[in-house]
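Welcome, and please load the model in your viewer. We will go from one selection to the next and say what is found at each stop.

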Amino acid sequence: MIDLSLLGLSDKNSGAYTGSKSLQTSGKKIECSSPVDGKMIATVDSCDFDNYDKVVSLAQNAFVEWRLWPAPKRGEVVRQVGEALRENKLKLGKLVSYEMGKSLQEGYGEVQEMIDICDFAVGLSRQLYGLTMHSERPGHRMYEQWHPLGVVGIISAFNFPVAVWSWNAMLALVCGDVCVWKPSEKTPLSAIACQNIVSDIFSKNAVPEGVCSLVIGEKDLGERFANDTRISLVSATGSTKMGKAVAAAVGARLGRSLLELGGNNAIIITPDADLDVAMIGCVFGAVGTAGQRCTTTRRLIIHESIYETVKSKLTKAFMQLRIGNPLDENNHVGPLIDKGAVKSYLNAIDACKKEGGKFVVEGGVLEGEGYESGCYVKPTIAEAQPHFNIVQHETFAPILYLLKYNALEEAIQIQNGVPQGLSSSIMTLNLREAELFLSAQGSDCGIANVNIGTSGAEIGGAFGGEKDSGGGRESGSDAWRAYMRRQTNTINYSQTPALAQGIKFDL
Ligand code: NAD
């Protein structure tokens with residue numbers, strides 16, 4: 001199905017890479033199979049702790065040199081990475097789709113996001129602005145500058161096997177940091193493919209070995225990052241459970257963390273919505289990537305006057321969904337990542353029923369030809385109540401809960417009344433409703449949209465959420481600041497010593 005050699009992979013792969021070199025690792029063997037057809041793709045020998053230490057030491061050494069490269073020169077290397085990704089877009093996108101199970105379109109889209117962030121980072125490499133301030137003392141100048149931080153440890157989730165790394169790494173690289181990446185143990189091959197693309201460009205540009213490294217392993221390797229004082233910033237994407245563990249460990253050593261965690265995203269549909277526009281956002285938001293996006297739409301909060309209309313439109317749309325091999329562009333919905341995810345999906349359906357939920361589109365696991373991996377499930381819709389325990393939780397699967405509201409204030413309360421705060425939307429053509437939703441008394445999420453769904457962010461904006469969603473911001477806007485340390489500088493160019501606040505201290 002996939003020609004591994006096209007991206008420098010083989011049947012048996014190492015679990016640690018420092019640039020042009022791969023190390024001989026001896027950790028637990030990871031068997032990578034595809035949720036698309038259940039077939040084994042390749043194996044990876046995880047990175048053992050000795051090799052992990054070697055990789056991080058080398059990264060530290062590389063940082064000493066890399067931080068002195070002028071930022072625009074670092075940007076030029078990132079520009080070439082972007083070009084290489086353009087050349088490899090189809091191959092890498094297909095591997096992502098096959099290894100993770102998202103549609104081919106979304107696999108390509110993910111690589112496009114990587115290209116976009118490279119472009120963004122190249123521009124940024126000539127900015128990274130600090131401010132100047134006026135000093136209260138005569139003959140003094142004050143300004144702030146931003147310096148590279150050090151080693152950035154990137155922990156990523158399975159559902160965006162490559163893009164999340166690039167959001168972090170491309171910014172970190174232009175900022176003068178070095179990166180060590182621990183991808184999800186469920187999608188290591190896409191990570192190795194990225195490493196191969198980058199290391200080729202790095203070799204051509206004589207970038208020091210260790211500026212971009214990759215270590216593959218399970219949760220215990222991520223825990224190493226969190227406890228390792230050599231890692232200046234741990235940028236972790238994954239479940240809230242993982243984020244809380246990482247935050248506690250990094251916090252205990254007063255390190256820095258950037259957390260991008262789970263979501264429980266809602267769309268409010270008001271009587272003033274354009275329902276044709278709304279439907280695409282709702283259906284793609286709920287079933288895109290088989291409900292395995294952090295920004296997947298999990299709750300629809302619908303005004304009671306249009307509730308039945310929306311319900312029947314959604315039911316009709318769900319009935320038309322084609323579920324099957326994601327590499328076939330005619331299909332809308334691919335598989336879940338593995339059988340563990342299928343179990344969580346089935347458990348959530350049971351839990352919802354037990355709490356009184358009523359399914360208007362029934363779920364279930366698909367069997368038979370084309371579904372041999374056992375990972376294909378039916379997207380499902382349940383009528384539920386906002387307070388249901390299951391509705392309060394993120395189930396990483398295509399289950400959509402319908403909730404009813406009467407007044408917009410109540411809808412906003414329902415939308416905000418969950419532990420997570422990642423992405424949110426309102427569907428309305430009414431200016432007052434839209435502005436209330438976007439105001440300080442509106443959505444409490446990091447992302448709030450009008451007339452588009454909750455998923456499908458662009459790289460130009462800062463991406464991230466509040467509350468249990470972690471509070472971190474990645475990607476565009478001024479997210480780069482998380483990857484640098486700020487230094488305030490005051491320079492006295494006069495001939496008189498002067499203390500701030502007019503304090504006199506004469507000798
Ligand atoms: P996960 O938390 O199981 O694993 C994510 C990564 O963390 C993996 O690399 C894993 O090995 C590592 N890990 C797990 N426990 C750890 C620990 N205690 N210490 C250090 N590392 C640890 O998540 P997943 O199943 O791969 O991904 C799905 C989750 O990720 C969902 O909750 C989804 O919403 C979230 N997610 C969030 C964003 C975002 O930007 N907010 C993006 C993608 C996915």
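Begin at the ligand and colour two helices, α6 (219-227) and α7 (240-252): each gives at least two residues to the shell around the ligand. Helices here are DSSP runs of H or I with at least four residues, strands are runs of E with at least two, and both are numbered from the N terminus. Before going on, note that this is a predicted model, in which local features need pLDDT of at least 70 and side-chain atom pairs count only at pLDDT 80 or more, while totals for chains, interfaces and linings use all residues. Residues are numbered from 1 along each chain as its sequence is written.

**Stop 1: the ligand shell**

Now select the whole shell, where 30 residues surround the ligand; Ala157, Gly222, Gly238, Glu260 and Cys294 are the closest. Which helix gives the largest share of the shell? It is α6, with 4 residues. Colour the shell by type and you will find 13 nonpolar, 10 polar and 7 charged residues. In this scheme Ala, Val, Leu, Ile, Met, Phe, Trp, Tyr, Cys and Pro are nonpolar, Asp, Glu, Lys and Arg are charged, and the others, Gly among them, are polar.

**Stop 2: Glu260**

Next, pick Glu260 in strand β11 (residues 256-260). UniProt lists Glu260 under "active site" in an unreviewed entry; such annotations may be inferred rather than shown by experiment. Is Glu260 buried or exposed? Glu260 is buried, because 30 other C-beta atoms lie within 10 Å. The cut-offs are 20 or more other C-beta atoms within 10 Å for buried, 12 or fewer for exposed, and partly exposed in between, with C-beta atoms placed from the backbone. Show its contacts too: beyond neighbours within four places in sequence, Glu260 is in contact with Thr237, Gly464, Gly470, Gly472 and Glu474. Contact means C-beta atoms, placed from the backbone, within 7 Å.

**Stop 3: the two domains**

Colour domain 1 (16-261 + 470-488) and domain 2 (265-450) separately; these bounds come from an automatic or database domain assignment. Their centres, taken over C-alpha atoms, are 31 Å apart. The contact between them takes 16 residues from domain 1 and 19 residues from domain 2. On the domain 1 side, select α2 (71-100) and α3 (104-124), the elements that give two or more residues to it. Return to the ligand for a moment: its shell draws at least three residues from each domain.

**Stop 4: the cores**

In soluble globular proteins, nonpolar side chains tend to be buried together. Here the largest nonpolar core has 146 residues, and Ala121, Leu171, Cys179 and Tyr483 have the most contacts inside it. A nonpolar core is a set of buried Ala, Val, Leu, Ile, Met, Phe, Trp, Tyr and Cys residues joined through C-beta atoms within 7 Å. Highlight helix α4 (residues 163-174), which gives this core its largest share, 10 residues. A second, separate core of 6 residues includes Cys294, Cys445, Ile447 and Ala457.

**Last stop: Leu499**

Finish in the segment after β23 (484-492), where you will find Leu499. Leu499 is exposed, because 9 other C-beta atoms lie within 10 Å.

How values were computed:
A residue is near a molecule or strand if its C-beta atom, placed from the backbone, lies within 6 Å of it. Two residues are in contact if their C-beta atoms, placed from the backbone, lie within 7 Å.
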